[in-house]
Amino acid sequence: MAASADAGASEFERYQSFFPLTFPVPSPATHEELVPPEDIVLEQELLRNPDNFRTWSSYIAHVEETNYRKRPLPDQGMSSAGVALLGLLSDASQRLALQRIVSVYERALAQFPRSYRLWHKYLDARARFVLGEMRGGAAAARKRMLQTNHVSEMGPTLLDARKAEEEANVYEGGLDGVLGYQEWRSLAAAYERALMWLPTMPRLWLDYLALFVHPKCSPALSRTHARRTFDRALRTLPGSLHLRIWKVYLRWAELCGGVVAQKVWRRYLRADPSLSERYVSMLVEHRGALQYADGENNSIPRAQAEDEDDDEVDDVTQRRILEAAKILLHLARRALDGTYTSPDGKSPYQLLIEWLDLTERFPEEIGLTPDEEAALPASDEAERASEKDSTHIERLAVRRIVERDGLARFPDQAGRLWTGLATYYIKRGEFDAAHDTFEQGMKQVVTVRDFTQIFDAYAETSENVIRFMMDELAEPDEDDETPLEEREAEVDRRMQAFEELMERRPFLVNDVLLRRNPDDVQEWEKRVALWGDNDAEVVATYKQAVDTINPRKATPNLHQLYLHFARFYEQGGSAARTDPAHAVPDLAAARQILERAVKVPFRRVDDLAEVWCSWAEMEVRHGHYDEALRVLSRATSGPSGQNKIKAVSYYDDSLPPQSRLFKSLRLWGLYTDLQESLGSLESAKQAFDRIMELKIANAQTIINYAMFLEDQQYYEESFKVYERGVEVFTYPVAFELWNVYLSKFVKRYVRPRKLTQGGTRLERTRDLFEQALDKCPPKFCKLIYLQYGQFEEEHGLLRKAMSIYERATRAVAASDRYEMYLFYLAKAATHYGLAATRPIYEAALESLPDRQAARIGQRFAGVERKLGEIDRARAIYAHTSQFCNPKTQPEFWKVWNTFEIEAGTEDTFREMLRIKRSVQAQYNTELATVMASAKTGEVPTVESGDPMAMLEARATAPDAPAFVSATSLSRPAKDTANAEQVGGAGDDDDLM
């Protein structure tokens, strides 16, 4: 080992003996090998024309071309480690080439000290030997530089551009900064001399500053000298070029790290705060120890430099993390105020959550202890000042910040904030504070999502703590002096608390929903169900609900809450479910609850009416009938004056429901039912009459009242009730009342047997039917006409019945007229014979629509054929044929065809075929006219009942066509052609 160490040291000394190469500046007088014999002629030319720039340029290009080699050939016996340390200078020819290039450039610059072109080429050529070759060579690097947009912008784009340049400009091979320190310092001195002559050239400054971020830069240059050089560049160059300097300066600061990086970044953030988030990332991710810009390729190990500051790492880290937390908090507050916009598009809440995550990650470095936080004064002015100053060493009051800047500003994210605060206490080891935080969070959140987030984190934390304590019990620590019994008792206590937490979950969820909406009736009902058989808690919950809920804001079915509360006392509590035999009802308490309920201003009158009805039903269930009637009598009592009654509208929501209750038909319905069952006849009649006076009765009320009187055998009074109903209501309600009324009246007074005063009853019945038909709409009168006709058939005159049916055919709706004619025809045929139906058929043919007239015509022809009137039947077929299109109604023509075959002759059959063709032509002509009108966009005007005027108007129209085109005529002609020809085979078959 010693021998190898000595060999390595001797080799390192041999490498050091190569330097310095360019200091002092080599010249032909000191170095004879600088000018080879073939260049003597060029040297003589320079001596003759020392002021000729072109001569110098040619000579410099010749020297570079003949001496520079991209791939060096290391010296004989040089190790790979030596090649890595020396780079291009590991080749003796390249060391000589560097001296020749430096010598000729220095002599040229002595003649032209202000030539930017010469300085730039000189520094580039010299830097190649020290920094190494860029990826792709000098040509590729120059191409990338020309393609780069040098217009820098403030913000994240500055760092993004810098990152792209770093990825492109990668050096391959270079001189170690420690071994070749003298060459690095000589190169820096060359840049200094160039800037002394050309101080305003930004490219020279940028190339010079690029030395300090090179991975092999000498440590002697990359620290204080580099910082001062950056500062000189900012002072020398105009402000428009400062961003190009800062782009490299910030990179150098990140490589240095530590306090230097923080101070440089703070200086930049004063001018451009948009990079504050990047600065925070740098503070959090970079280590507190100083970092050297020479990277991992230097000969000095990094561990040696870090060991020097081991004692200060904790303090530096704490300050760095605390500064990052304060900056994040400040950014979140500014974003919330609208004075800061995140370049990454982060919202104020996202910035605050990043601060909270950082606090969870470093709780000791950022936050105060619970005792220190509790000792802070209530006034937060000093606290705010320390929070704004990111360099202040005072730590933060995390709980106050979360409550003030988080929960107060983002209530919809309460679950995440409470969980983060509890996690912060857990990381600090403050389990009691974390427990209190979880409990407080579950009692304050108003959404199930937030509650679930907190509860899951709370349960997981409790499980982890119990698991850890049980592991300690299984493997006890010898240094722990706590008695085993105490540790076991602590585990039992925590397990019991965990079980209670899981049992409390339904109640906690219900608390969350009630905090969100304390007027949610359904959630209060669920809370009552959660208590089960605990009567005391059930009663307390009901009382809290009725005291908390605002009736105007309550969800539907608030009245059901009061009813269930009263039912709870009525049934004797929860014992009614477990032991009904021993349940003791408390009707007095139930009445008190219902008494309070009827005074609640519900949103709907129906809800209040249901409360009164339930109260009365409760009294009935327990046999207190008089009390039930008194309750309903009290509920239905209204204002005394008629004007006051008219002034109250049942649907006027501006009035309280108690003042509109007396017009509730539901309440009156129950009252009348109880009066019918429990009261007297007079009290029931008064109740029904009161409903009629209030004008709230419906058809069912009228029918109930009349049926009640009918059951009491007050028939005339029941009929008067029907008459009052048909006067009050209009159709279609009046139709139902008339239907029931007429049926009841006929059943009562008109019987199949011999009647006393029959004529009087018959006339009265006729008057009722006529009164019912007086204002009856056509769509409802069919049934009444049928009843009227049936009544006349059974108890009156047959002639009268036929006249009623004849009236019905004209009075009923068009949709019922056909059926009415069929019924009329059937009755006429039954009572008078088929011959008597002829005038009815003729009237039907005149009044019914075409399709129905066609069906009636077929029936009429069938009747005539039965009577033996063949000619009349044929005439009816001919008349009806005008309503039947042969294409759409072939059934009619088949019937006529069969008729002619069976009862006609050849001439009548030919006449039938002729009529069929004419009807078909008529329908085809009408179809062609409609199509022509649709094509021209005009609809011909037709005068009703005057076909001649219609034809004249169509012929004299200015745009009437004088002929029909062949394309339009060909198809109808083909369609209308009669396939049956007289005398053909088809006619013979038909005749047979």
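Which backbone nitrogen does the side chain of T555 reach? Here are a few notes on this predicted model, starting with that residue.

1. The side chain of T555 comes to 2.9 Å from the backbone nitrogen of V521. You will find T555 in the loop that links α27 (535–548) and α28 (558–570). Its relative accessibility is 18%, and buried means under 20%, so T555 counts as buried.

2. Leaving aside residues up to four places away in sequence, T555 touches N517, D519, D520, V521, Q522 and R603.

3. The largest nonpolar core is made of 130 residues, and L558, W612 and W738 are the ones with the most contacts inside it.

4. W612 is worth a look in your viewer. Apart from residues up to four places away in sequence, W612 touches V598, V631, L632, R634, A635, L661 and L667.

5. Last, a helix pair. The axes of α13 (residues 258–271) and α14 (residues 276–285) come within 11 Å and cross at roughly 170 degrees. Angles over 145 degrees count as roughly antiparallel, so that is how α13 lies to α14. On the α13 side the contact is made by A261, Q262, W265, R266 and L269, and α14 contributes S276, R278, Y279, M282 and L283. Sorted by class, this contact has six nonpolar, two polar and two charged residues.

Methods
Residues numbered from 1 in each chain as written. Predicted model: local features only at pLDDT ≥ 70, side-chain atom pairs only at ≥ 80, totals over all residues. Heavy atoms only, no water. Core = buried A, V, L, I, M, F, W, Y, C linked by side-chain atoms within 4.5 Å. Buried < 20%, exposed > 50% of the residue type's maximum accessible area, 1.4 Å probe, protein only. Contact = heavy atoms within 4.5 Å. Axes fitted to C-alpha atoms, helices over the stretch in contact; angles between N-to-C directions. Helix = DSSP H or I, 4+ residues; strand = E, 2+ residues; numbered from the N terminus. Parallel < 35°, antiparallel > 145°, perpendicular 65-115°, else oblique. Nonpolar A, V, L, I, M, F, W, Y, C, P; charged D, E, K, R; others polar. Polar contact = N/O pair within 3.5 Å; in protein donor to acceptor, adjacent residues only side chain to side chain.
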